[in-house]
Amino acid sequence: MDTYILAIESSCDETSLSIIKNGCEEISTVVLSQMDTHANYGGVVPEIASRMHIENITLVLEECLKKANMAMDDITAIAITYGPGLIGSLLIGLMAAKTLAYIYDKPLVPVHHIAGHIYANNLVKTMEFPLMALVVSGGHTELVYMKENYSFEVIGTTLDDAVGEAYDKVARVIGVKYPGGPNVDKLAHIGTDTYNLPLPLDDDSFNFSFSGLKSAVINLYHNEEQRGNVINKENLACSFQNRVVDILTKKTMHALTEYGVKNLIVAGGVSANKGLREKLTFLCEKEDVNLTIPEIKYCTDNAAMIGAAGYFAYKIGRRADLTLNAKATDKLN
Amino acid sequence: MRSLFINTSTKKLIIGIVEDDKVLYEYSDTNSNELSSKIMPIIDEAFTKTNLKPVDIDTIFVTNGPGSFTGIRIGLTIAKVMAWSLKMKVVPVSSLELMVSGNYNSDYILPLMDARRNNVFGALYDRNLNPIINDSFINYEDMINRANDMVKDYTIVSHEFDFEEPKYDIVKVIKKHINDKGINPHELNPNYLKMTEAEENLSKKEGE
């Protein structure tokens with residue numbers, strides 16, 4: 001029998017619902033992004049995000065079911081992002097999920113947001129194990145080893161800023177518009193690597209650190225400004241991006257060798273980064289590694305990925321009761 | 001006629017099931033940080049104890065603020081999703097009105113909620129729950145002055161400030177609003193009475 005998961009994601013500034021069949025087939029997805037609103041403030045304002053989530057939650061639910069031409073009775077289980085994320089935002093999706101699970105008597109399946117990002121790949125191509133997942137986003141930089149479905153071993157993480165966070169801060173200092181990540185990526189592709197920046201945390205561990213590199217860019221920018229030198233933003237963006245991509249790919253390739261893994265997936269918002277995609281594609285071809293990077297629409301926050309992860313969580317018996325609470329932070333599990 | 005009553009906007013969490021003017025179930029306790037964990041099991045208990053199901057409810061009455069922003073949203077999300085799913089009538093009511101619905105000794109009642117920095121959410125109601133001064137986000141002294149201008153004698157009720165403790169009568173509130181038209185669940189949203197700080201700062205900046 002087919003399994004249909006209704007998934008809800010509201011951990012940051014996207015209100016999204018999706019119906020996923022058997023963990024791999026997207027029946028319908030609706031994403032309502034608040035990005036344009038938050039752009040006015042140079043970043044996500046949590047209270048505004050919460051306000052917009054409640055205004056939109058039933059509209060998105062209605063459109064998702066309509067698009068799928070399905071009713072709640074056709075749904076097998078409800079998957080919900082319970083964390084990590086902004087508490088006020090998470091709570092809207094969570095309360096909606098619990099209410100639906102209660103009135104329709106459906107199993108409630110809690111999904112960790114990062115598990116969702118990883119399983120976005122299953123919507124593109126059936127994930128093969130063992131695999132290594134490089135998770136890169138505004139809140140996360142992690143290398144995750146997966147021996148089998150729904151088993152997560154975090155082998156490396158950032159010691160300070162997440163990679164997306166470093167992008168946003170660098171963007172702000174050099175005067176690039178919000179959202180910083182994609183715009184710095186664009187500039188980097190025009191520029192050349194001329195600025196002398198350090199390769200951050202270049203050691204044998206699988207951990208990352210981006211605050212030093214971020215500070216180096218900011219200091220360089222201010223020093224040049226004080227000296228009255230003209231800064232080439234494109235070249236600075238390119239130099240910064242090259243260092244980020246170099247260390248991400250270096251540690252990822254090292255992890256693949258160390259764990260004897262031939263499957264690599266990339267997940268999270270920063271996997272939309274062109275520089276990272278190009279370099280990983282090149283290296284994986286050279287090393288004969290199967291690389292999967294989801295389409296851009298699955299890289300940013302969406303409920304389709306929660307539905308894909310939710311299916312596998314459902315299959316191994318993950319359930320939550322009506323006391324399920326939102327969590328701002330939580331270990332990937 | 002059966003009603004489900006939900007209040008998560010004030011310091012008191014209320015879940016009630018009312019049939020005509022008979023209370024079949026009422027939960028009433030101090031609202032805590034654990035609201036998001038606690039509330040659905042209480043709603044489940046309400047239905048189990050009354051031998052009813054959500055589909056047996058005709059109308060949901062839910063407070064839509066003012067009050068704690070997160071608190072309001074928790075109750076309203078439940079009401080919104082339930083009303084949309086089961087095509088129920090849903091009626092939003094003021095949390096300040098709920099605070100004055102109990103039995104008091106005066107003809108006029110002034111409910112107050114702390115809104116920080118010497119501001120309050122306040123209003124003035126008569127004993128039939130008619131607003132004399134509409135729900136407002138207002139400086140504390142201004143609220144009192146406005147009330148003094150309107151009526152001679154009134155009782156102030158508040159959970160946070162040192163006045164009489166508010167008393168709730170959900171049957172009275174339901175009776176008052178029983179003929180209200182109800183609202184499209186998509187449009188059932190909090191009445192915050194207050195912009196977010198970020199919006200205030202932005203509009204100040206744009207005004208300069």
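Mentor: First, the classes. Ala, Val, Leu, Ile, Met, Phe, Trp, Tyr, Cys and Pro count as nonpolar. Asp, Glu, Lys and Arg count as charged. The others count as polar, and Gly is among them. Also keep in mind that this is a predicted model.

Trainee: OK. By class, what lines the second largest pocket?

Mentor: Its lining has eleven nonpolar, 14 polar and nine charged residues.

Trainee: What volume does the second largest pocket have?

Mentor: About 1000 Å³.

Trainee: And which residues lie nearest its centre?

Mentor: Gly67(B), Ser68(B), Phe69(B), Thr70(B) and Arg116(B), out of 34 lining residues.

Trainee: Which element gives the most to that lining?

Mentor: H2(B), with four residues. Helix H1 (35-50), strand E6 (108-114), strand E7 (119-126) and helix H6 (197-207) of chain B are also among the elements that each supply at least two.

Trainee: Back to Arg116(B). Where is it found?

Mentor: In the loop between E6 and E7 of chain B. Its phi is positive, about 70 degrees, although Arg116(B) is not a glycine.

Trainee: Is Arg116(B) buried or exposed?

Mentor: Exposed, with a relative accessible area of 67%. Compare Leu129(B), in the loop between E7 and strand E8 (131-139) of chain B. Leu129(B) also has a positive phi of about 70 degrees and is not a glycine. But Leu129(B) is buried, with a relative accessible area of 2%.

Trainee: Now the largest pocket. How much space lies in it?

Mentor: About 1400 Å³. It is lined by 45 residues, and the closest to its centre are Ser137(A), Gly138(A), Gly139(A), Asp168(A) and Tyr178(A).

Trainee: How does that lining split by class?

Mentor: It has 17 nonpolar, 18 polar and ten charged residues.

Trainee: Which helices supply at least two residues each?

Mentor: Helix H4 (113-119), helix H5 (163-173), helix H6 (180-190) and helix H10 (296-299), in chain A. H5(A) gives the most, with seven residues.

Trainee: You mentioned H6(A). Which of its residues are buried?

Mentor: Gly180(A), Gly181(A), Asn183(A), Val184(A), Asp185(A), Leu187(A) and Ala188(A). They pack against H5, helix H8 (233-259) and helix H9 (274-287) of chain A.

Trainee: Let's switch to strands. Why is E1(A) largely enclosed by the rest of the structure?

Mentor: Count the buried residues. E1(A) spans residues 4-9, and five of its six residues are buried, so the strand is largely enclosed. Buried here means under 20% relative accessible area.

Trainee: In which sense does E1(A) pair with E2(A)?

Mentor: Antiparallel, over six bridges; E2(A) covers residues 14-21. The two form a hairpin with four residues between them. Leu6(A) stands opposite Ile19(A).

Trainee: And with E4(A)? In which sense do those two pair?

Mentor: Parallel, over four bridges, with E4(A) at residues 77-83. There, Ile8(A) has Ile80(A) as its bridge partner.

Trainee: So what is the strand order of the open sheet?

Mentor: E3-E2-E1-E4-E5 in chain A, five strands with mixed pairing. Strand E3 (25-33) and strand E5 (108-112) stand at the edges with a single partner strand each, so one side of each has no neighbour in the sheet. Neighbouring strands are turned by 20 degrees against each other on average, ignoring direction.

Trainee: How many bridges join E2(A) to E3(A)?

Mentor: Eight, and the strands run antiparallel. Lys21(A) is partnered by Glu25(A) in E3(A).

Trainee: Last one. Which helix packs on the sheet, touching E1, E2, E3, E4 and E5 of chain A?

Mentor: Helix H11 (residues 303-315) of chain A, with its direction at about 130 degrees to that of E1(A). Helix H2 (residues 46-68) of chain A lies across E1, E2 and E3 of chain A, at about 25 degrees to E2(A).

Technical notes
Residues numbered from 1 in each chain as written. Chains lettered and ligands numbered in written order. Predicted model: local features only at pLDDT ≥ 70, side-chain atom pairs only at ≥ 80, totals over all residues. Heavy atoms only, no water. 1 Å grid on protein atoms, 1.4 Å probe; cavity = no way out; pocket = protein on both sides within 12 Å on 5 of 7 lines; lining within 4 Å. Points joined across faces, edges and corners; volume = space filled by probe spheres on them. Buried < 20%, exposed > 50% of the residue type's maximum accessible area, 1.4 Å probe, protein only. Pairing = 2+ DSSP bridges. Axes fitted to C-alpha atoms, helices over the stretch in contact; angles between N-to-C directions. Contact = heavy atoms within 4.5 Å.
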